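Hello,

Here is the structure for your files. Notes on what was found in it follow below.

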Amino acid sequence: MAFARVKRSRRGEGYSIRIPPNEREVLAAAPEMLRSLLTEHDRHDPAIERLFPAAYPDDGSASAEFDSVVRDDLLEQRLASIDTMDRTLSAERLSEQELAAWLAVVNDLRLVLGVRLAVTEESTPQDFAGDPETERAYGLYAYLSYLEEDVVRALSSG
């Protein structure tokens, strides 16, 4: 992963996306995975709780009231970002708005995987070795972390 996969275009209009085909294949499953989690979820799933944290952790009533006001809008925004990423996954250029949608999806997927794997700041790849499914999940987590950093760097440039 030595080269930047996302860069601001030289003309300053949008962003060039240089993600190899094999990585795009991996990313192709991402939108549907996240969409399924968001639409078929259990509110008490720790991954969902991470995506929709309590606004008032010490006040369940206030948190529930806040959640009832904003949750549908937050869900709608997340689903719109997923649709944008899904629609533009094979694109070689993205607008700033499209790239911001990608960032939202990549970040949400990282959060979900991080919760599922119980990743901490001290975690290393060796912590997830031994089980092929866990190794793949951690590999995806690590790749999404790199991609997220690349997207943030591109959005922050210029």
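**Findings**

Once neighbours within four places in sequence are set aside, alanine 55 has contacts with Ser63 and Phe66. Please keep in mind throughout that this is a predicted model. Alanine 55 sits in the loop that joins H3 and H4. Its relative accessible area is 35%, so alanine 55 counts as partly exposed, between the 20% and 50% cut-offs. Arginine 78 belongs to helix H4, and its relative accessibility is 17%, which is under the 20% limit, so arginine 78 counts as buried. Not counting residues up to four places away in sequence, arginine 78 touches Leu38, Leu51, Phe52 and Asp108. Serine 81 is also in helix H4. With a relative accessible area of 14%, serine 81 is buried. Neighbours within four places aside, serine 81 is in contact with Ala101, Ala104 and Val105.

Next, the core. The largest nonpolar core is made up of 36 residues. Leu27, Leu34, Leu99 and Trp102 are the residues with the most contacts inside this core. At least two core residues come from each of strand S2 (15–17), helix H2 (30–39), helix H3 (46–51), helix H4 (60–88), helix H5 (96–117) and helix H6 (132–156). H5 gives the largest share, nine residues. What does tryptophan 102 contact, leaving aside its neighbours within four places in sequence? The list is Ile17, Ile19, Leu27, Thr84, Met85, Thr88, Leu89 and Leu94.

A pair of packed helices is described by the angle between the axes and the distance between them.

- H5 and H6: the angle is about 150 degrees and the axes are 9 Å apart. Angles over 145 degrees count as roughly antiparallel, so H5 is roughly antiparallel to H6. The crossing of H5 past H6 is left-handed. The residues of the contact of H5 with H6 comprise 17 nonpolar, four polar and three charged.
- H1 and H6: helix H1 (residues 21–28) packs against H6 at an angle of about 110 degrees, with the axes 12 Å apart. The range from 65 to 115 degrees counts as roughly perpendicular, so H1 is roughly perpendicular to H6. H1 contributes Glu23, Val26 and Leu27 to the contact, and H6 contributes Leu140, Tyr143, Leu144 and Leu147. Of the residues in the contact of H1 with H6, six are nonpolar, none is polar and one is charged.

One backbone value should be noted as well. Alanine 118 has a phi near 60 degrees, which is a positive value in a residue other than glycine. Alanine 118 is in the loop between H5 and H6. Is alanine 118 buried or exposed? Its relative accessible area is 54%, over the 50% cut-off, so alanine 118 is exposed.

Regards

Terms used: Residues numbered from 1 in each chain as written. Predicted model: local features only at pLDDT ≥ 70, side-chain atom pairs only at ≥ 80, totals over all residues. Heavy atoms only, no water. Core = buried A, V, L, I, M, F, W, Y, C linked by side-chain atoms within 4.5 Å. Buried < 20%, exposed > 50% of the residue type's maximum accessible area, 1.4 Å probe, protein only. Helix = DSSP H or I, 4+ residues; strand = E, 2+ residues; numbered from the N terminus. Contact = heavy atoms within 4.5 Å. Axes fitted to C-alpha atoms, helices over the stretch in contact; angles between N-to-C directions. Parallel < 35°, antiparallel > 145°, perpendicular 65-115°, else oblique. Left-handed = near helix turned anticlockwise from the far one by under 90°. Nonpolar A, V, L, I, M, F, W, Y, C, P; charged D, E, K, R; others polar.
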